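Dear colleague,

I am passing on a structure that I would like you to look through before we discuss it. My notes follow directly after it.

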Amino acid sequence: MVEDLIYRAINRVPLVRETMAKYKGNPAVFYQIAPNDEDPGWDSDRMYPRMDYGIDWQANPERKTAGALVINLWCTNESKTPPEEIAGVVQTELSELFLTDESGTFCIVWSRSDYFESASEKEPKTDGYTLLFDVLAFPKQETTVPDPVFALHAAIKQAAPYVRLIAKDPVGELWKPTNDAPAVYVRTLDNLLSRSSYACTWFKAALGVHVIAPDPNARQKVLQLLSHELGLKGEAITNDGSPFFIQEMKYNTGADVLHSGQMTVSGEYGVLPIEPESPKLWNAYFDT
């Protein structure tokens with residue numbers, strides 16, 4: 001489950017392992033609700049800092065599923081490490097992290113962080129941060145034959161073999177893009193019937209391309225490379241060997257990298273009719 005992967009992602013942050021209180025020998029990170037203070041699982045009287053997290057899932061017709069991840073960091077004014085330091089490290093480590101399990105591939109994107117503190121006058125006082133993340137789905141986009149997404153995947157991999165194609169290349173359960181190994185995601189934006197004849201039916205497709213890397217210059221380098229290579233070739237080959245003719249291509253470096261993507265590739269491809277099965281003529285006899 002994605003919730004289990006998020007637990008692993010939080011627990012692998014070195015500062016979390018070093019600073020959290022311990023519960024049954026593990027850092028005090030809990031799904032939804034932390035055990036009460038009387039629970040015998042606590043390894044000592046120290047129950048802070050600790051974390052709890054939860055995900056609210058919601059339907060998204062364009063991206064299959066999406067959700068909101070909420071992480072609450074609880075500290076006291078006696079904690080050795082200030083909560084803003086822990087929250088900042090967790091934010092950096094989790095944002096733009098890809099999670100992959102049997103249900104698909106998802107990406108965590110930081111939204112905002114809110115500080116809170118207890119209004120009680122009792123010591124020690126409780127304070128901390130609530131970290132809010134978007135959880136975006138990156139479902140598989142390759143479908144039938146011929147497939148323009150397959151064609152663009154192949155063309156991108158040929159132009160930039162060092163990139164990782166999301167929902168196609170294996171990336172592991174927890175993976176984060178780097179400048180040397182950026183992530184690229186291709187999805188279908190539009191697909192409409194253009195014209196049809198007895199020999200072939202033509203479709204116009206618009207594909208969105210996301211290029212994900214920490215450094216804006218690394219992202220722009222990939223976008224520029226793809227625009228040059230695809231522009232020079234003018235086509236990409238689909239999974240039945242037919243061409244996807246590229247008619248228009250543009251990218252915007254200021255676009256949202258994860259939500260909308262920076263590049264749009266539009267083109268046309270043809271689908272050949274499938275001849276119906278017909279009776280075969282066996283043992284033909286010709287009278288001469």
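Predicted model: local features only at pLDDT ≥ 70, side-chain atom pairs only at ≥ 80, totals over all residues.

Residues are numbered from 1 along each chain as its sequence is written, and side-chain values use heavy atoms, with hydrogens and water left out.

Helix α5 covers residues 216–233, and its 18 residues reach 26 Å from first C-alpha to last, close to the 26 Å expected at 1.5 Å a residue (the expected span being 1.5 Å times one less than the number of residues). Helices (H or I, at least four residues) and strands (E, at least two) are DSSP runs, numbered from the N terminus. The buried residues of α5 are A218, R219, V222, L223, L226, S227 and L230, where buried means under 20% relative accessible area, exposed over 50% and partly exposed in between, with a 1.4 Å probe and protein chains only. These residues pack against several elements, among them α4 (148–159), β11 (183–196) and β12 (201–212), contact meaning heavy atoms within 4.5 Å. After α5 comes G234, whose phi is positive, near 75 degrees.

P243 is found in strand β14 and is partly exposed, at 23% relative accessible area. Leaving aside residues up to four places away in sequence, P243 touches E235, A236, I237, T238, E268 and Y269. P243 and A151 are 92 residues apart in sequence, yet their C-alpha atoms are 8.0 Å apart in space.

Of its 13 lining residues, R46, M47, Y48, P49 and T76 lie nearest the centre. The second largest pocket has a volume of about 230 Å³, and of its 18 lining residues the closest to the centre are T100, G104, T105, K140 and A167.

Finally, the count of disulfides (pairs of cysteine sulfur atoms within 2.5 Å) comes to 0. C107 is buried, with a relative accessible area of 0%, and C200 also counts as buried, at 12%.

Best regards

Terms used. 1 Å grid on protein atoms, 1.4 Å probe; cavity = no way out; pocket = protein on both sides within 12 Å on 5 of 7 lines; lining within 4 Å. Points joined across faces, edges and corners; volume = space filled by probe spheres on them.
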